[in-house]
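Please brief me on this structure.

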Amino acid sequence: MTILQKICKYLLVFLKYFSLVFFSFVAVLPVVSCAITAFKTDTEYQRTNVMVLPESWLNFDNFVQAFQKANMARAFMNSVIILVCVLVVSVFVGTQLAYVLNRFKFPGNNLIRNLFLFATLLPGVAMQVSVYEIMTNLNFVNSLFGYIVMMCGTDVISIYIYIQFFENISVSLDESAIVDGASYFTIFYKILLPLLKPAIVTSCILKGVGTYNEYYSANLYLQDKKKLPTVATSLYTFVGPLGSKYNLICAGVIISLLPALILFITCQKQIYSGLTSGAVKG
């Protein structure tokens, strides 16, 4: 190996690790600045920049005020109700729909799949006028039940994940069960659904993160911010025309991150296995 080749090799290695460190720093920087700001008093925040450390790391007044003034207890309760209902309905509807599209060949099967693909190309904002009109006619605006029904809408990405899993499950399992006298419902719930666990974990992560962080639809349809706040909308309590209290906002952000962080730490083995299995099966 010549000197020029060695220089090029070490240069590529340096660029590889430098890019990893740089982009990791860029990803972590907002979280670090948010954590620093969350512990600052109003006077500290106004006099210092976001990267100056607070005088005391034991100042939890911002967290108490953020939790109380933003009504985060009710916000967490509403978000948990919405999240559980949406995930349960989405899993059962998505898996059954994928089962029908994959296992049964009928006229219009390919048309339905193509329509799902076409639906993913339409921006959600462009359809908000018609969706809002439908929600208004059904008296679903400013209703937690109506918002849950809307969020339970068909998740096309999850359906394609389930379809890809079904394509990797042998049809001989269905045939053997039919020979033994099992019905289609028994085949689905007793045999195929347990095999979809990695796909269900993957789709629940994607759907759950989107539902938990949803702000636009929650702010538009859940208009009573005192009775129907979510975690995303409750943080905007401290935003107003006369200024924003970013130290309280950052404290609320840290509070909203804690449940997801605890869930990830406790279930990271299942999450990683679900994601990696989903990647292999797809």
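**Briefing: helices, rings and loops**

Asn-219 sits in helix α12, which spans residues 216-221. Helices here are DSSP runs of H or I with at least four residues, strands are runs of E with at least two, and both are numbered from the N terminus. This is a predicted model, in which local features need pLDDT of at least 70, side-chain atom pairs count only at pLDDT 80 or more, and totals for chains, interfaces and linings use all residues. Residues are numbered from 1 along each chain as its sequence is written, and side-chain values use heavy atoms, with hydrogens and water left out.

- Asn-219 counts as partly exposed, at 32% relative accessibility. Buried means under 20% relative accessible area, exposed means over 50%, and partly exposed lies in between (1.4 Å probe, protein chains only).
- Asn-219 and Thr-230 are 11 residues apart in sequence, and their C-alpha atoms are 8.7 Å apart in space.
- Leaving aside neighbours within four places in sequence, Asn-219 is in contact with Lys-225 and Thr-233. Contact means heavy atoms within 4.5 Å.

**α4 against α8**

- Two packed helices are described by the angle between their axes and the distance between the axes.
- The axes of α4 and α8 come within 8 Å and cross at roughly 50 degrees. Axes are lines fitted to C-alpha atoms, for helices over the stretch in contact, and angles run from 0 to 180 degrees between N-to-C directions.
- α4 and α8 are therefore oblique to each other. Angles under 35 degrees count as roughly parallel, over 145 as roughly antiparallel, 65 to 115 as roughly perpendicular, and the rest as oblique.
- α4 and α8 cross in a right-handed way. A crossing is right-handed if the near helix is turned clockwise from the far one by less than a right angle, and left-handed if anticlockwise.
- On the α4 side, the contact includes Val-91, Gly-94 and Tyr-99. On the α8 side, Ile-159, Tyr-162 and Phe-166 are among the residues.
- By class, this contact of α4 with α8 has nine nonpolar, three polar and two charged residues. Ala, Val, Leu, Ile, Met, Phe, Trp, Tyr, Cys and Pro count as nonpolar, Asp, Glu, Lys and Arg as charged, and the others, Gly among them, as polar.

**α10 and its partners**

- Helix α4 (residues 72-103) packs with helix α10 (residues 184-195) at an angle of about 110 degrees, with the axes 12 Å apart. That makes α4 roughly perpendicular to α10.
- The crossing of α4 past α10 is right-handed. Phe-92, Thr-95, Gln-96, Tyr-99 and Arg-103 of α4 make the contact with α10 residues that include Tyr-184, Phe-188 and Tyr-189.
- The contact of α4 with α10 has eight nonpolar, two polar and one charged residues.
- Helix α9 (residues 172-179) and α10 have axes that come within 10 Å and cross at roughly 140 degrees. That makes α9 oblique to α10.
- α9 and α10 also make a right-handed crossing. Leu-173, Asp-174, Ala-177 and Ile-178 of α9 take part, with α10 residues including Tyr-184 and Ile-187.
- The contact of α9 with α10 divides into eight nonpolar, no polar and one charged residues.

**Aromatic rings**

- The structure holds 16 aromatic pairs. Rings of Phe, Tyr and Trp (its six-membered ring) pair if their centres lie within 6.5 Å; planes under 30 degrees apart count as stacked, over 60 as edge-to-face and the rest as tilted.
- Tyr-99 and Phe-166 have ring centres 5.9 Å apart and planes at 50 degrees, so the pair is tilted.
- This pair links distant parts of the chain, with Tyr-99 in α4 and Phe-166 in α8 (residues 156-167), 67 residues apart.
- Tyr-99 and Phe-166 are both buried.
- One aromatic cluster is formed by Tyr-99, Phe-104, Phe-166, Tyr-184, Phe-188 and Tyr-189.

**Other residues in helices**

- Asn-78 lies in α4. Asn-78 is buried, with a relative accessible area of 3%.
- Beyond its neighbours within four places in sequence, Asn-78 is in contact with Leu-144, Lys-227, Leu-228 and Pro-229.
- Gly-210 is in helix α11 (residues 197-212). Gly-210 counts as partly exposed, at 36% relative accessibility.

**The loop between α6 and α7**

- Asn-139 is found in the loop between α6 (128-137) and α7 (144-151). Its phi is near 60 degrees, a positive value in a residue other than glycine.
- Asn-139 is exposed, with a relative accessible area of 63%.
- Asn-142 lies in the loop between α6 and α7. Phi of Asn-142 is near 65 degrees, a positive value in a residue other than glycine.
- Asn-142 counts as partly exposed, at 35% relative accessibility.
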